[in-house]
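Please read the following walk through the side-chain packing with the coordinates open beside it.

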Amino acid sequence: MKRLKSIFLISLLTLLLGIFNILMISDVVEAGQTYEQVLKKYTNVNSGFKKATTTEISNEIGGVKYVYRFGRTNTGPKPISTIFYFDQNNNRVKTLYGNGDGGYFQVLGENGVLNATTTGGTVYENLETKTIVYLSQPSKDTFIEMIMKPAEFSDTIQTDINVWNDSSSDMNLGVVYSHDTALGYESGTSDDGVPVYAMGRGRGMFTEVGTFRLNYTMERYPSKENKKINFAAPPYQEYTNVLFAYGNNVYGSGKGDDAPFDKTQPLYVSSMYPKYTRADSTVSMKVSPQKVASGKNNSLTFYTGVEEGTSGPLIYSDENEYIIPERTPQHTFSGDWYEFNNSSGTIHAELRNSNNQVVATGSQSTNTSGEGRFNFKFNTSSLPADNYRFEAKIKTNENPPKESSRAATAGLRIQPLIKFEAFNKVTNKKITVDSLGEQAGELGVNYSQQVPKILNSQFILDKNTPGLKQDGVTVEGVFTELEETNKSVKVFYYPAPTFTLTANSVEINEVTVSTKISGTWVDETKSGGTLTVMKGTEKIGTVTYPPGNRTGDWESIIPKEKLNIGSNQISVGLEHGYSEFKSSQKQMVINRKKHVKVNYYLNKGNGEKELLPANLTSELPQFYDEKVGETITLVVPQHLEGQKYKFNPIASGINSGVTITKEVTSTLNELNVVYDLNEMPVEIRYLNDTTGQPILANLTSKNRKSTKQLGQKVVGISIASLILAEDKKAEGYQENPTIKAYKEGSPTVELTNVADGPTIIEIRFQPKFEIKPPKTMSFGEHKLSIFGDTKELEQEAKLEITNTFETGESIKAWEVTGTFTGFETGTEATGKTALQGQLKYDNQTMQGAAPVIKSVTHPDKAYDEIGLKNKLKLEVYGSGAILGDYQGTITWTLSDAL
């Protein structure tokens, strides 16, 4: 049995284009529109087409040649469709169809027929793709588009009939298509009223004449439960009433979707309509009205194919093409099989890629029921995007076995998963984030994808993104060849505006009037924005940067009144003028330091104090500006102005030492440093420089002079200022004593000022060891006489002895001796004359001898007197004296050498 491998355009136009009249363009298109505009607006095959003229399209397979010739008759503007079948020797074997005639559309609404057309339309052809498009405009708001082309995955002709909503609102639209049956019309025969049979199971219809059979196969649309095609076969005379032959809600043949493949129950035979003498047959197809949006369509699809003979089993795929995305785990191919002899058999199936390589196989047994379903589930998880062809054949177990003349075929288009990927609008580089989503698609396929307006808080959607809808998140378009190749649709994002802070922390003093925070901003959209400075929930600053620039500087002046003493947590954020973008908050700290004044006081006692003179503390810290929580460490000098002032730690708030530490709080306003006058006890000791013992209090006893307590004196005061003139005098001691001052316990370190400890001033006197004679002594006048005379002093005279030399605790022993030179008168020039006589003390001559006047071995006082009046006498010898004034010298010697 010979099988016709392909029909292509030959069958297509033969079967479908019987009578369509060609009208002028202006007759069928709204004013202002051309068919070219309509094609671009609706059809998916709008490139490479031209209006049809007389032409011939042929296809040759295995030496068998099919020719389709299209043109006009001389009787009117209607196409003549003729198919010639040539054998391998190029001999014409059969004319399958001659001058076809007839064709009709009905556009359906919710409540019946909206409009209908039998004429009017234009045919366009694309010789490269062997595709014909017929356009008709039944009404102002609807377009009919019929696309006829070789089926991609089977040896049939695919016809797509679309009814388009050309209004501005939703419409309920469906369509009915009818045409005169073709197979059986032989040249010279006046009637082509061939029988029309239902395939059963809702698969469609077929006509059969001789060894040729013409199929009209309907897709089951198992993936679209509400999309079923209804079909029927009325006589040609009643095709305009076909709608009423079976109701809107009945699908299939009217016998139910499971009607058997039974040629004894035809849809049409002439005997069913005896009232017609010329019982011409018609096939009709319908898709019921559905809600169709403006610019959208409702459609029906069927396939026509010719084969020879019907004795073998038959097998049909549910759908002509399946489309699934990459990485789909598995896919099921399903369909129907029929075996007229009720013989069991086996269905063998295979799946081939575009290189004709088998990628999957399967088999399934059939029973003896004569018909049934097949299902082949193939693993598709690892199959790459490609065009695959499914083919299944049934072979019976009869002897000899019979095999289906045509295979059940279906295309499997595994569409690549095309990712929607974010790209940087500025750099055109891919943004490293997860995909925005992915959809299965390919060149020419529509897509609709929701994408985020703001991406990872770092990027904002470009408002000029092609296909971006008003909702601002839906991108619609048609996949391009480049997008299919790269498996990527670029969605552009601007980098979100950014800003910087010049510093993450700022420190200001408490008294500073205001502070400035600043930074830079970058906005690639050049749309402007606002930076807001917040302290907690309080807005304390706002900066608006204008549109037009992509980068700039910003600053905000914050008055001190907005800031607490201490740490102020500040957040800065940016709101964008281009989008809903709000940046994350950048954090910074403005630390308003506490101003702490340092006071230096003199303790006055009884809780009173006064500030020290400024000149004493000018070199010391006067204030601190420190952060709350930090510690002020103030090391003060122990003394000021030498050692006049001494630091008082207790009064200054510490226990000891000279280091004041204080934690800064918001209420700490001052530090008080307290000094006392640094006073130390001072005493004066009057000492015998030779013995180191206190000097004698007086000359009349052995009592010692007490130490003089000067009381508390300011440390550092001059020692000299504390010593009075009287302190430097001591009866019985030499003048100009030696003065030595030292700190108690450190006698070897001499001081000139009062020390920071008890201070001792030693006034060290040199003892006296002296005898004080009377300045003059007079024995009065003496008359010369031959007689001697003893003269006494005219007045009292005394020797004064001062002896403060000591040994240990005792006054040194002493004695006084005296010698006399004798009296003389005259001068050196005239010569001197001695008085004849002698001076005696206590009857001891003093001339030429040194009698002891007085000797004290254990003095009990430092002062003594020796009276001379009664002891010292002058004996003048008689007759030896001459007239004159006589003078003589007595030498009194005080000695401690006993």
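The charged end of K490 lies over the ring of F423, at 4.7 Å from the ring centre, where sitting over a ring requires NZ of Lys or CZ of Arg within 6 Å of the ring centre and within 35 degrees of the ring normal. K425 likewise places its charged end over the ring of F492, 5.7 Å from the centre. The model is predicted, so local features need pLDDT of at least 70 and side-chain atom pairs count only at pLDDT 80 or more, while totals for chains, interfaces and linings use all residues. Residues are numbered from 1 along each chain as its sequence is written, and side-chain values use heavy atoms, with hydrogens and water left out.

Across the whole structure, 22 aromatic pairs are found, a pair being rings of Phe, Tyr and Trp (its six-membered ring) with centres within 6.5 Å, stacked if the planes are under 30 degrees apart, edge-to-face if over 60 and tilted for the rest. Y322 and F333 are edge-to-face, because their ring centres are 5.5 Å apart and their planes stand at 85°. Both Y322 and F333 are buried, that is, under 20% relative accessible area, with over 50% exposed and partly exposed in between (1.4 Å probe, protein chains only). F376 and F378 form a tilted pair, 6.3 Å centre to centre with 35° between the planes. F376 counts as buried because its relative accessibility is 4%. Ring pairs join Y322, F333, F374, F376, F378 and F390 into a cluster.
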